[in-house]
Amino acid sequence: MPSTDEIRADLADIVNEVAGIPADDVQLDKSFVDDLDVDSLSMVEVVVAAEEKFGVTIPDDEVKNLKTVGDAVSFIENRL
Amino acid sequence: MTSTRVVVTGLGATSPVGGDVASTWSALLEGRSGVRQLTEEWAEPLGARIAAQVAVEPTEVLERVKARRLDRSGQLALVAAIEAWADAGFTGPAGEVDVDPERLAVAVASGIGGVTTLLSNYDNLLAAGPRRVSPLAIPMLMPNGPAAAVGLRFNAKAGVHTPVSACASGNESIALGVDLIRLGRADVVLVGGTEAAVHPLPMAAFGQMMALSKRNDDPAGASRPWDKGRDGFVLGEGAAVLVLESAEHAAARGARVYAEVAGAAITADSHDIAQPDPAGLGATRAMKRALVEGDLAAGDVLHINAHATSTPQGDVAEALAIRNALGDAAGGAVVTSTKSMTGHLLGAAGALESVATVLALHHRTVPGTINLTDPEDVGLDLADKTRDLPAGDIAALNNSFGFGGHNVAIAFRSA
């Protein structure tokens, strides 16, 4: 079972790949939209890549609740 | 006959023979072919296993995140537009430089659009289901995607357009740009075309039309317009963009002028979906109208960059059309086909060849047609090597024709 920070780091790599945000900026308290400038289409790409990476399912209805990086990390942790 | 004069103030290109205008132009003057063998596994079953792919990968030039959100055709268009915009002397987007965003338009054409994005997403759909289809697939595959990317980059708010007329598309975008300026709807228009269709499906489809050269063992010799040994065109990819500007706007900011777009004429054959009118009547009318629109006489035309794709029928039909359009003056024009080196860029062909035509007037030098070892007797002065053009006021034509019976002739006047 990966640690919270390992999940955050893997997610940060995905955000970097998709949106070009430096991985170090992808911290738990950061908002995808307001702080990291991840637009709605990029967010879909992040979600699909995260599903593949972590082997979890993130339903479309849940995505709108994932406001911050921390929200996403907790969601993934709870399903691993 | 029209009051608003339209001039060319910037050029950009990424082509099979060079990653920018300077390298493309020097390759054309040196007679270098951009055609190569396709050694990829997917090409093995194809009849034609040669193509002219871009000399410089767009992903080497564009920032990574920008590039991954664009179809290859959009990437190529953006590379060419960035060069053209800078070449016109602009250092930032409209609003930050001497261009009003609401007076800047875009017309960037494509023949086939984002076909590789469409097909790769379909592959993903079949292999892994709808969840693996990219949320960017639609903005990437839509034919107006490249034009929109260019418009976003330079803050164009006077309208963004994508003329689609197969292999005449690039020239049609130039004609549209001229219209927009002459109608007073824009001061500056980024015009051009882009194509990225080197993929087994388009190649198989063109192959089924018997349109492609199968000279697989001699890639550099495969595109040979007007040569008796020609057996079809070579598929090329790339993009070219020109900055068109009203002469008044260009003069006010002290812009360098390469040439004037004197006339731009569009006609349709209404003959057949794929075959050109064998008498070339539509092509003849396009050239004649472009000259009338530009207040030019047939004798003013000292150079023609022909559509000549290296197909058995098309090259000869166009030569007939040129003779009919220019009459006794036809022999006074140095005629070339730069497709002998670049292959056929489909929706980008007219744009790239207009860049070559403009540079021929600017430098008074016409790139020769390579592989013209046993020419057909078409009654024209075909350039089989680099040729000089005289000083003084002269004009040149660039022809593009497309499946669907589209004919577009652009008449340029030297600056």
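Trainee: Which residue of E8(B) is the bridge partner of B:Val8?

Mentor: The partner is B:Ala259. Keep in mind that this is a predicted model.

Trainee: What makes E1(B) and E8(B) a pair?

Mentor: Pairing takes at least two bridges. E1(B) and E8(B) are joined by three, and they run antiparallel. They pass.

Trainee: Why is E1(B) called largely enclosed?

Mentor: A residue is buried when 20 or more other C-beta atoms lie within 10 Å of its own. In E1(B), nine of nine residues are buried, so the rest of the structure largely encloses the strand.

Trainee: What is the order of strands in the sheet of chain B?

Mentor: The order is E5-E4-E6-E7-E1-E8-E15-E14-E9-E10-E12. That is an open sheet of 11 strands, with mixed pairing.

Trainee: Why are E5 and E12 of chain B said to stand at the edges?

Mentor: Each of E5 and E12 (381-382) has a single partner strand, so one side of each is left without a neighbour in the sheet.

Trainee: In which sense do E8(B) and E15(B) pair, parallel or antiparallel?

Mentor: Antiparallel, over nine bridges between residues 259-268 and residues 406-414. Within that pairing, B:Val261 has B:Phe412 of E15(B) as its bridge partner.

Trainee: Which strands pair with E9(B), and in what sense?

Mentor: E14(B) does, parallel, through four bridges. E10(B) does, also parallel, through three. For residue pairs, B:Asn305 has B:Asn398 of E14(B) as its bridge partner, and B:His303 stands opposite B:Val334 in E10(B).

Trainee: What makes E9(B) "mostly covered"?

Mentor: Five of its five residues are buried.

Trainee: What makes E9(B), H11(B) and E10(B) a right-handed unit?

Mentor: Look with the strands pointing away from you. The path from the first strand over the helix to the second must run clockwise. E9(B), H11(B) (residues 312-326) and E10(B) form a right-handed β-α-β unit.

Trainee: Why is H6(B) described as largely enclosed?

Mentor: Seven of its 10 residues are buried, so the rest of the structure encloses most of the helix. Among them are B:Pro146, B:Val150 and B:Phe154. The buried residues pack against H3, E4, H5, E5 and E6 of chain B. B:Asn155 follows the helix, with a positive phi near 65 degrees.

Trainee: How do the two domains of chain B meet?

Mentor: Domain 1 (6-252) and domain 2 (264-414) have centres 20 Å apart. H7(B) gives the largest share of the domain 1 side, eight residues. By class, that side has 33 nonpolar, 21 polar and eight charged residues.

Trainee: What contact is there between chain B and chain A?

Mentor: Six residues of chain B are in contact with six of chain A. The chain B side divides into three nonpolar, one polar and two charged residues.

Trainee: What secondary structure does chain A have?

Mentor: Four helices and zero strands.

Trainee: Why is chain A called as compact as a globular protein of its length?

Mentor: Its radius of gyration is 11 Å, close to the 12 Å the globule rule gives for 80 residues, so the description holds. Buried residues make up 30% of the chain. The C-alpha atoms fill a box of roughly 30 × 25 × 20 Å along the principal axes.

Methods. Residues are numbered from 1 along each chain as its sequence is written. Chains are lettered from A and ligands numbered from 1 in the order in which they are written. This is a predicted model: local features need pLDDT of at least 70, side-chain atom pairs count only at pLDDT 80 or more; totals for chains, interfaces and linings use all residues. Helices (H or I, at least four residues) and strands (E, at least two) are DSSP runs, numbered from the N terminus. The radius of gyration is taken over C-alpha atoms; the globule rule is 2.2 Å times the number of residues to the power 0.38. A residue is buried if 20 or more other C-beta atoms lie within 10 Å of its own, exposed if 12 or fewer, and partly exposed in between; C-beta atoms are placed from the backbone. Two residues are in contact if their C-beta atoms, placed from the backbone, lie within 7 Å. Ala, Val, Leu, Ile, Met, Phe, Trp, Tyr, Cys and Pro count as nonpolar, Asp, Glu, Lys and Arg as charged, and the others, Gly among them, as polar. Domain bounds come from an automatic or database domain assignment.
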